[in-house]
Amino acid sequence: MTGAQSRIVRACEDYLARHGDSHLGVGWPHAGDASRRYEVMLDVIRAGGARPVTLLDFGCGAGHLYDHLLAAGRTDIAYAGHDLSPAFRRLMAEKHPDVSVYAADVLSGEVLPPRHDYVVANGVFTMKMDIPFEDMWEYFTAMLVVLASLARVGFAFNVMSSHVDWERDDLFHVPHDRLADFLIARFGRSFVMRSDYGLYEYTTYVYP
C-alpha cells in the first residue's frame, strides 16, 4: 500500500476498534447523514434493463451500503465489495458470507477486481489526516483512474467541499474547479457534481 493508503486504512480500523459495527465505526458522526449518502451514491445508477446492474462498493467497510440495499428491498442491484482492511473484510465475511469482497491493492499492480457496471467510493476520499494536500491529490487522482477502469457505465465518489465556513486540516477539501479540470482532461465532460443534499461535501458521478 502507498503511504496515504496505509494511513487511511489504519484510521478506519481505529474507528472500528473504538465504535464497532456502527456509523461511528466507519467514521460518520451522524447515522441519518450516513443513510443520505447511501441514497446519493446509488443515484449514480441510470435506468437499468432486464437484469440487475452490478455494483462494486469500493472501500465497503462494514457493508452498510449493502445493509441499506437489503433494508430497502433492492433486488435490481448485484452487490460486491472491496476493502484493503483485513478487519473490515473479516466483519463482512461474518455478516454477509455470500457477498464477494475483493482485497486487491489496485495501485500496486495486483490483479484488479472484475469490472462492474457501477463503482461507488463513499468516504474513501473525505479524510486526509496529516497527509499534505498535494500528496493526497496525487493519490486521489490516481485512484480515480483506477475506478474508471473498473466501471463499465459510471462511478461515484465524494470529497469535502471547499465552500465551507472553515476547512478542517484533517479532511480533504477539494475545490470544484480543480476537480472539474482534472475530470475533463482525463475523462471528458460527462460528469455531474452534486452538493444538493445538505452536507459539507459533494458527490461526483462520472460516466467515462
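Threonine 203 counts as buried because its relative accessibility is 1%; buried means under 20% relative accessible area, exposed over 50%, and partly exposed in between, with a 1.4 Å probe and protein chains only. This is a predicted model, where local features need pLDDT of at least 70 and side-chain atom pairs count only at pLDDT 80 or more, while totals for chains, interfaces and linings use all residues. Residues are numbered from 1 along each chain as its sequence is written, and side-chain values use heavy atoms, with hydrogens and water left out.

Which strand holds threonine 203? Threonine 203 is found in strand S8. Helices (H or I, at least four residues) and strands (E, at least two) are DSSP runs, numbered from the N terminus. The side chain of threonine 203 makes a polar contact of 2.6 Å with that of tyrosine 197. A polar contact is a pair of N or O atoms within 3.5 Å; within protein, one must be able to donate a hydrogen and the other to accept it, and residues adjacent in sequence count only if both atoms are side-chain atoms. Leaving aside residues up to four places away in sequence, threonine 203 also touches Val40, Met41, Phe157 and Val192, among others. Contact means heavy atoms within 4.5 Å.

Now take the whole strand. S8 spans residues 201–206, and six of its six residues are buried. In a regular strand the side chains alternate between the two faces of the sheet. Here both faces are covered: Glu201, Thr203 and Tyr205 lie on one side, and Tyr202, Thr204 and Val206 on the other.

S8 has two antiparallel neighbours to look at. Two strands pair if DSSP finds at least two bridges between them. S7 (residues 191–194) joins S8 through four bridges, with valine 192 partnered to tyrosine 205. Six residues separate S7 and S8 in their hairpin, and glycine 198 there takes a positive phi near 85 degrees. S5 pairs with S8 over six bridges, and alanine 156 has tyrosine 205 as its partner.

Strand S5 covers residues 151–161, and nine of its eleven residues are buried. S5 runs parallel to S4 (residues 116–121), with five bridges. Histidine 116 is bridged to alanine 151. From S4 the chain crosses through helix H5 (residues 133–150) to S5, a right-handed β-α-β crossover. Right-handed means that, with the strands pointing away from the viewer, the path from the first strand over the helix to the second runs clockwise. S5 also runs parallel to S6 (residues 173–174), over two bridges.

Turn to helix H2 (residues 31–42). Its buried residues include Val40 and Met41. Arginine 36 and aspartate 33 both lie in H2, three residues apart. Their side chains form a salt bridge at 3.9 Å, N to O. A salt bridge is a side-chain nitrogen of Lys or Arg within 4 Å of a carboxyl oxygen of Asp or Glu. By this rule the count comes to 13.

Aspartate 43 meets arginine 194 at 2.9 Å, N to O. Aspartate 43 lies in the loop between H2 and strand S1, and arginine 194 in S7, so the pair ties together parts 151 residues apart in sequence. Arginine 51 meets aspartate 117 at 3.0 Å, N to O. Arginine 51 lies in the loop between H2 and S1 and aspartate 117 in S4, so this pair ties together parts 66 residues apart in sequence.
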